[in-house]
Amino acid sequence: MTRYDGEQPPLERPILTEVTGIDHIYITVSDLARSEPFYDRVLRDALGFRKNTFELGGDPHIQYYNRLFGFVLRPARVLQPHEPYAPGLHHFCLRVDAVEDVHAVARDLQAAGIAATDARLYPQYSPDYCATFFEDPDGVRLEVTNWREERRRRAAHWDDPQP
């Protein structure tokens, strides 16, 4: 049996498979008709995602996707308010390239009627951490941040010897 409490030793093989990104995420929503216009404004209009629809298990789904991953809305089967401090998703953060992009996204969201915070620096997270925060119609917290120098360095130097 696999354990997830840190007691399981790491796999004994010379090279582990590298995760290269998030392929897709599914978000359950209480009302597709209410959530679709919100996510159209956020993902399609402000962030350039494409969109399609499909059915899975008899349920309609709405998929937003870019060249790297998909973000899918599916109808909830249990209706209860989203609680970010209960087990499960706390928030979902999307990354754009630069601080200027975060500011542009925040302005676009606000112009589209989304209650996004003004983009600003959050030095308590990292000296170059710029973000805007907002919630979907079900209270799921969303964030857009920039690709920070620490993350860029990590990506560029992942295979360098570690101190």
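Which residues is Phe 71 in contact with, leaving aside its neighbours within four places in sequence? In this predicted model, the residues that Phe 71 touches beyond that range are Ile 25, Ile 27, Tyr 39, Leu 43, Ile 62, Gln 63, Tyr 64 and Phe 92.

**The chain as a whole**

The chain contains three helices and eight strands, and when it is read along the sequence these follow the pattern β-α-β-β-β-β-α-β-β-β-α. Its C-alpha trace spans about 50 × 45 × 30 Å along the principal axes. Among contacts between residues at least 6 apart in sequence, 50% join residues at least 24 apart.

**The sheet and the helix across it**

Four strands form an open sheet in the order E1-E4-E3-E2, with mixed pairing. E1 and strand E2 (50-56) are the edge strands, each of them pairing on one side only, and the twist from one strand to the next averages 25°. Strands of a sheet pair through backbone hydrogen bonds, either parallel or antiparallel. E2 and E3 pair in the antiparallel sense over seven bridges, and Leu 56 stands opposite Asp 59 in E3. Helix H1 lies across E1, E2, E3 and E4, and runs at about 10° to E3.

**The nonpolar core**

The largest nonpolar core has 29 residues, of which Tyr 39, Leu 43, Tyr 64, Phe 71, Leu 73, Leu 109 and Phe 134 touch the most other members. The elements that give two or more residues to this core include strand E1 (24-29), helix H1 (32-46), strand E3 (59-65), strand E4 (70-75) and helix H2 (99-111). The largest share, six residues, comes from H1.

**The cysteines**

The structure holds zero disulfides. A disulfide is a covalent bond between the sulfur atoms of two cysteines. Because the sulfur of Cys 93 is 11 Å from the closest cysteine sulfur, that of Cys 130, the two are too far apart for a bond, given that a disulfide requires sulfur atoms within 2.5 Å. The surroundings of these two residues are set out below.

| Residue | Relative accessibility | Class |
|---|---|---|
| Cys 93 | 32% | partly exposed |
| Cys 130 | 0% | buried |

Cys 130 is thus buried, whereas Cys 93 is partly exposed, and Cys 130 is in no disulfide.

Terms used
Residues numbered from 1 in each chain as written. Predicted model: local features only at pLDDT ≥ 70, side-chain atom pairs only at ≥ 80, totals over all residues. Heavy atoms only, no water. Buried < 20%, exposed > 50% of the residue type's maximum accessible area, 1.4 Å probe, protein only. Core = buried A, V, L, I, M, F, W, Y, C linked by side-chain atoms within 4.5 Å. Contact = heavy atoms within 4.5 Å. Pairing = 2+ DSSP bridges. Axes fitted to C-alpha atoms, helices over the stretch in contact; angles between N-to-C directions.
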